[in-house]
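Hi,

Here is the structure I promised to pass on. Have a look at it first, and then read my notes below.

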2 protein chains.
Amino acid sequence: MPSYTPAQVVEKTGFGLDTLRYYEKIGLLSDVERTAAGQRRYTEGHVEWLGTVGCLRDTGMPIAEMLRFAELVRAGDHTIADRVALLREHDERVGAQIATLRDRRRYIKAKIEYYERAR
Amino acid sequence: MPSYTPAQVVEKTGFGLDTLRYYEKIGLLSDVERTAAGQRRYTEGHVEWLGTVGCLRDTGMPIAEMLRFAELVRAGDHTIADRVALLREHDERVGAQIATLRDRRRYIKAKIEYYERAR
DNA sequence: ACTTGACCTGGAGCCCACTCCAGGTGTGAC
DNA sequence: GTCACACCTGGAGTGGGCTCCAGGTCAAGT
């Protein structure tokens, strides 16, 4: 099975080297194998998981919650309902976030128009 | 002209007392008058400005940029074009933010559906 | 006269999510 | 063999944005 060097994962995911190590240290990334010389080798699965992490992070999920999600994933298939619940809740928050953003945007646009008229 | 006590502004704006003082200290809130006893009294204008600040904050504008905006406002009417430019730029970022959020949301929904099928 | 409560100050502390650093090791190119 | 380079470790430091604290002042109510 193919594996990736740290640099390759940085390249593929956009996370920094330090961030990858940080995520591993806090338990957001687990089962990272090492070469005989002690260097990390990541799997396709890690890269995919980092895609999910990136998505959750970009949508404002705090690390603590991602950790809970990671634990559910590690705990096995019987946690799937919980994972769905967690994701649904998050999805709702994202929806609310988008709605708020749209609302605030109207305020900004109104402000811009006000200034344009005042110019 | 009517003025507001700190507690009233907290009530009206949702910002905390400490946050109001903090904003004043860093220059995001200026010309706050005091009573003889040294207590703050805010004007309608402050409350409105805090509405703008809240909007910009909620849409992710960093304090440093709000400060620049505040300085433009203080500098007078000849900065209106600059203010519009700043707001337009911000508005574009907010648009991009919404787009990203929507995109990530699709990923989350797909993940949920995947789990639902796997259940 | 006394208590309550809203307010004041300067400065320390906190949380989050990284990010950087010093000092060290192993691998490949020349 | 020596150089650069990618990587390793533990731990300290950073930046943003508040948030809290100790100790004090004043005004109003009882």
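Before the notes, one term: helices here are DSSP runs (H or I, at least four residues), numbered from the N terminus. As for the numbering, residues count from 1 along each chain as its sequence is written, while chains are lettered from A and ligands numbered from 1 in the order in which they are written. Keep in mind that this is a predicted model, where local features need pLDDT of at least 70 and side-chain atom pairs count only at pLDDT 80 or more, though totals for chains, interfaces and linings use all residues.

Let's start with DNA strand D. It has 17 residues around it, and the closest are A:Thr5, A:Ala7, A:Arg40, B:Ala37 and B:Ile63 (a residue is near a strand if its C-beta atom, placed from the backbone, lies within 6 Å of it). Helix 2 of chain B gives the most to this surface, three residues. Helix 1 (6-13) of chain A and, from chain B, helix 2 (17-26) and helix 4 (63-75) each supply at least two residues. By class, the surface near DNA strand D has eight nonpolar, five polar and four charged residues. In this sorting, Ala, Val, Leu, Ile, Met, Phe, Trp, Tyr, Cys and Pro are nonpolar, Asp, Glu, Lys and Arg are charged, and the others, Gly among them, are polar.

On to DNA strand C, which is surrounded by 17 residues, the closest being A:Ala37, A:Ile63, B:Thr5, B:Ala7 and B:Arg40. Two or more residues each come from helix 2 (17-26) and helix 4 (63-75) of chain A and from helix 1 (6-13) of chain B. The largest share, three residues, belongs to helix 2 of chain A.

And how do the two protein chains meet? The contact takes 28 residues from chain A and 28 residues from chain B (two residues are in contact if their C-beta atoms, placed from the backbone, lie within 7 Å). On the chain A side, helix 3 (44-58) and helix 5 (80-118) each bring at least two residues, with helix 5 of chain A giving the largest share, 24 residues. That side divides into 13 nonpolar, four polar and eleven charged residues.

Last, a helix pair: the contact between helix 4 and helix 5 of chain B is made by B:Arg68, B:Phe69, B:Leu72 and B:Val73 of helix 4 and B:Asp82, B:Arg83 and B:Leu86 of helix 5. Those residues divide into four nonpolar, no polar and three charged.

Cheers
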